[in-house]
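Here are my notes on the model you asked about. Please read them with the structure open.

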Amino acid sequence: MKHLSLAFATFIALTGFNHAVHAAAATAPENSGYVHGDLGPPHGDPIHAVLTFPPNVPAPTYRNYPAKVIVELEVIEKEMPISEGVTYTFWTFGGTVPGKFIRVRQGDTVEFHLKNNPNNKMPHNIDLHGVTGPGGGAASSFTAPGHESQFTFKALNQGIFIYHCATAPVGMHVANGMYGLILIEPPEGLPPVDHEYYVMQGDFYTTGKYREKGLQPFDMEKAIDERPTYVLFNGSEGSLTGDKALKAKTNENVRLFVGNGGPNLVSSFHVIGEIFDRVRQEGGTHEQENVQTTLIPAGGAAMVEFHTDVPGSYVMVDHSIFRAFNKGALAILKVDGPENKAIYSGKEVDSVYLGDRAGPNLAAVTQATTSAAAGKLTKEEQIKAGQQLFAGTCSVCHQTNGEGLPGVFPPLAKSDLIAADPKRPIRILLQGLNGKVTVNGKDYTSVMPPMTQLSDDGIANILTFVLNSWGNPGGRIDASEVTKARAEPAPAAGAGH
């Protein structure tokens, strides 16, 4: 009995329900207008919600009563990086993609203010999936540039919900980054954890190819055909890697609020090297346990929780894996702390496995892009940029020292193939290589796929780095040479090299 009493007391302490409200609701007559989730009128003075930029999450509400909560959100259209040296005109809620995180409590009355910055060019509105009412607020919030709209709703249902713009063409507004998350806490709050982070996936459609430099416009045809150029976490490639990686320590509990803005793709969310202890799939109230990968639909969200046992770099991906390593859907949680050999004996994840997003952001690539745009690109800048790109593109096979793997991948160091024709590697990267090739007197028969995902300046910088490394003859490859080679007809199928 003592244990039962203690358990009951603990339950009461943790839930913090407004028992008077619940009692009144339970005894209310059927025609009283009581609705499930309506925990009574707001108490106290109005509260101005504190909204946070991703990946941060506002603090818990720490309330055991419903309140009137005022939420103010501004739409801002702005040009921002989508990848190194690549920019895109995003339409945003609050100036970031995803938009600011909103946190309220079930039963709260939310007074919502949507502002459309006067410098914007388009009207916008907001559809919050946590709203009970036509359009989720869309019809009440249509707002022209320089104007503000207001509407009020009661947060009847707990959960983690998407919000997004619903102005026509809806797909274009969403594809430009107009989405975010609103958390409606259960009345008792969520169990405490050491870290809460905000991660949101989206697919983007640009006229240029993946990592093609400069300002890239939206491509409606690609969007309709569901052929994204980028699949990203938090709106840009590298937004949660390098010095921007999420952080935790060993023996901590981490909760991720993971959304999928779409507009098209379903996310297969996975953290490499972790198992989710608990998942609230699709933002619902029932938990699944011991989950490896969870599906998050476009326009959906989930809460995932796990415990950190050993240190290392934990890679978050969309496990539709080409999206991770070839379209940008990759983030990192960096866990620091003492090793636990009883759980895991190996070393931290290799940087080559993580690709060019394992280390600091690609500053040298950005500098090379800036210099090239100004017509002032130097060979030294190309070499530095090429070295960073080589680490994430070529070093897995050819090794960081250019020695390759005996009998498998030919060496790039002191390569007689490169010395005989320094321009030949351009064709190899663009067209691939199959069949026997002899390098430094040894035969290799591996297959190298075409690296057509690389931009012209990326290929030029990688090859300039290779030409000036490991005893190779030196020299320089210009992006225009790559452009010219790319335009040449590919060899006939089965012709070999």
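**Notes on the model**

1. Just after helix α7, Gly375 takes a positive phi of about 75°. Helices (H or I, at least four residues) and strands (E, at least two) are DSSP runs, numbered from the N terminus. This is a predicted model: local features need pLDDT of at least 70, side-chain atom pairs count only at pLDDT 80 or more, and totals for chains, interfaces and linings use all residues. Residues are numbered from 1 along each chain as its sequence is written, and side-chain values use heavy atoms, with hydrogens and water left out.

2. Which residues of α7 (363-373) are buried? They are Ala364, Val365, Ala368, Thr369 and Ser371. Buried means under 20% relative accessible area, exposed over 50%, partly exposed in between (1.4 Å probe, protein chains only). Seen down the axis of α7, the buried residues fall within an arc of 165°, so they line one face of the helix. The arc is that of the directions from the helix axis to the C-beta atoms. The face turned away from that buried side carries the exposed residues Ala363 and Ala373. The cover over the buried residues of α7 includes α8 (379-393) and α12 (456-467).

3. The average pLDDT (the predictor's confidence in each residue, from 0 to 100) is 88, and 88% of the residues score at least 70. Over residues 1-34 the pLDDT is below 50, and this stretch has 17 contacts beyond near neighbours in sequence. Contact means heavy atoms within 4.5 Å. Residues 493-497 also stay under 50; the model gives them eight contacts beyond four places in sequence. Where pLDDT is low, the predicted coordinates should not be read in detail.

4. Overall, the protein has 13 helices and 23 strands. Of its 497 residues, 50% count as buried. Among contacts between residues at least 6 apart in sequence, 69% join residues at least 24 apart.

5. Check two cis peptide bonds. One joins Pro54 and Pro55, with omega about 5°; Pro55 lies in the loop between β1 (47-48) and β2 (68-83). Another joins Val97 and Pro98, with omega about 0°; Pro98 lies in the loop between β3 (86-93) and β4 (102-105).

6. Two non-glycine residues deserve a look. Asn290, in strand β17 (residues 288-291), has a positive phi of about 55°. Asn290 is exposed, at 60% relative accessible area. Gln399 has a positive phi of about 70° and sits in the loop between α9 (395-398) and α10 (416-420). Gln399 is partly exposed, at 26%.
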